[in-house]
Amino acid sequence: MPDVNTIRRLDAESPGFSQSLDALLAWNDEQNPQVEATVAEIIHAVRARGDAALLEYTARFDRWQPADSGALEVSRAAQEAALARIPADMRAALERAAGRIQDYHGRQVQESWQYRDAEGHLLGQQVRPLDRVGVYVPGGKAAYPSSVLMNVLPARVAGVPEVVLVAPSPGGQTNDSVLAAAAIAGVDRFLQIGGAQAVAALAFGTESLRSVDKIVGPGNIYVATAKRMVFGRVAIDMIAGPSEILVVCDGKTDPHWVVMDLFSQAEHDENAQSILVSPDAEYLDAVHAEIERCLPEMNRADIIRQSLSERGVLIRVADLDAAVALVNRIAPEHLELSVEDPHALLPAIRHAGAIFLGRHAAEAMGDYCAGPNHVLPTAGTARFFSPLGVYDFQKRSSLIGLEPVAVDALARDAETLARGEGLEAHARSAACRISKG
């Protein structure tokens, strides 16, 4: 029998299921007072001492001592050299992924628009890109060139004039694939800084770095806390929690495929969540057995095992309609509809960050090269958040142009409404536009 401790089993029709599911889904994102205090201190130091503080924190946390602030910057030539150094197949894959990402996001561009109403007044919306954007790419434990492409390219498609990329460089070394991705994406500046100090520098600026308008990209708890603290001074994309996948299967997909999909999220970290929902109890047995067979073969087996045992679950439901209802309740980051006819289920799906249609649509391909963005809402926030996109790097201004010959009726309505709110100056401002003839 499979080890029941590796991943739990739940039956949606059993008493207590709802409470058990809620407990499993609960993600403790309460703010850590010690982390908060540390991040506040770092932000204050960067605001007060600028580049000097950045150099000190780089020496402390990344274990290398830049000679000056100029040493923090990676030149375009160094990025291009890394692009030339990486294996040919890696370069080709990055370039193909970049092409697909650009093509997909090019379809998201919003254009300015305007019209004239029945009275001849001009109304509309002007769409403009943000001026400067900061992209944070993690680099402490692993290299993420895909994060470079997914965060930088939508900003480029949106027309952002200046994109600044920051990434920690332990020991003063930055991964060649990250440098190569930066060259492909075309960042304007690449700084080897990380942690809360990088977020503070992007938000408030230093002697060598102008502040940005928005900060995007994932990071650890210190980065996430810093983004939360600087929000309002700058915009941010979202505060993301651990990665998640929910697979809905009709029992006809190769169990090995589904196990690898579950593992693909579990290997991110111990807090990641992998969920399989199926009406076929025997299929859940088969997947459970395949988990036990495959787990020892994985190079991150300890992380996967802890993730599955603490937050993973196999859930039996009555039918696929019940599975869809569960999807909308959970609002997962990644949803795989591994069923015969995924398009039949699609209209009923209301909440999911990314939806993968059919047995061959593996979430891992969405992470790297399918085209849609892999920066997605987590922890149930797909109920109200959307994937990162071009629209995140554009802002909108309303256009209001009123024709003098037709303004009287509008002005009278504005005067009436303003007086109803007790705002005398508003009322007079509108009333003085009413013609005296």
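**Salt bridges**

I began with salt bridges, and a search of the whole structure turned up 21 of them. The term stands for a side-chain nitrogen of Lys or Arg within 4 Å of a carboxyl oxygen of Asp or Glu. I noted that this is a predicted model, in which local features need pLDDT of at least 70 and side-chain atom pairs count only at pLDDT 80 or more, while totals for chains, interfaces and linings use all residues. Residues are numbered from 1 along each chain as its sequence is written, and side-chain values use heavy atoms, with hydrogens and water left out.

I looked up Arg85 and found its side chain in a salt bridge with that of Asp176, at 2.7 Å from N to O. This pair links distant parts of the chain: Arg85 sits in helix α4 (residues 76-85) and Asp176 in helix α7 (residues 176-185), 91 residues apart. Helices (H or I, at least four residues) and strands (E, at least two) are DSSP runs, numbered from the N terminus. Asp176 is partly exposed, with a relative accessible area of 26%. For these words I keep to the following cut-offs: buried is under 20% relative accessible area, exposed is over 50%, and partly exposed is in between, with a 1.4 Å probe and protein chains only.

Next I turned to Asp237, which forms a salt bridge with Lys227, their closest N and O atoms being 2.7 Å apart. Asp237 is in the loop between β8 (235-236) and β9 (244-249), and Lys227 is in helix α9 (residues 221-230), ten residues apart.

I then checked Asp250, which forms a salt bridge with Arg359, the closest N and O atoms being 3.0 Å apart. Asp250 lies in the loop between β9 and α10 (255-266), and Arg359 in the loop between β13 (354-357) and α15 (363-368), 109 residues apart. At 15% relative accessibility, Asp250 counts as buried.

**Helices α6 and α7**

Back at α7, I looked at how it lies against α6. The axes of α6 (residues 145-158) and α7 come within 9 Å and cross at roughly 15°. Axes here are lines fitted to C-alpha atoms, for helices over the stretch in contact, and angles run from 0 to 180 degrees between N-to-C directions. The two helices are therefore roughly parallel to each other. Angles under 35 degrees get that label, over 145 is roughly antiparallel, 65 to 115 is roughly perpendicular, and the rest are oblique.

Which residues make the contact? From α6 I listed Pro145, Val148, Leu149, Val152, Leu153 and Arg156, and from α7 Ser177, Val178, Ala181, Ala182, Ile184 and Ala185. Contact means heavy atoms within 4.5 Å. I sorted these residues into ten nonpolar, one polar and one charged. In this sorting, Ala, Val, Leu, Ile, Met, Phe, Trp, Tyr, Cys and Pro are nonpolar, Asp, Glu, Lys and Arg are charged, and the others, Gly among them, are polar.

**Helices α2 and α3**

The axes of α2 and α3 come within 6 Å and cross at roughly 140°. That makes α2 oblique to α3. I saw Glu41, Ile42, Ala45, Val46 and Arg49 of α2 meet Asp51, Ala52, Ala53, Leu54, Glu56, Tyr57 and Phe61 of α3. This contact divides into eight nonpolar, no polar and four charged residues.

I stayed with Arg49, which is partly exposed at 35% relative accessibility. Arg49 touches Glu56 and Glu207, not counting residues up to four places away in sequence. The C-alpha atoms of Arg49 and Thr206 are separated by 8.0 Å, although these residues are 157 apart along the chain.

**Helix α8**

How many residues of α8 (residues 195-204) are buried? I found ten of ten, so α8 is largely enclosed by the rest of the structure. Its buried residues pack against α2 (33-49), α3 (51-61), β4 (132-136), β5 (162-166), β7 (214-216) and α9. After α8 comes Gly205, with a positive phi near 80°.

**Positive phi elsewhere**

Arg63 is in the loop between α3 and α4 and is exposed, at 59% relative accessibility. Ala379 has a positive phi of about 55° although it is not a glycine. I located Ala379 in the loop between α15 and β14 (394-401), where it is partly exposed at 44%.
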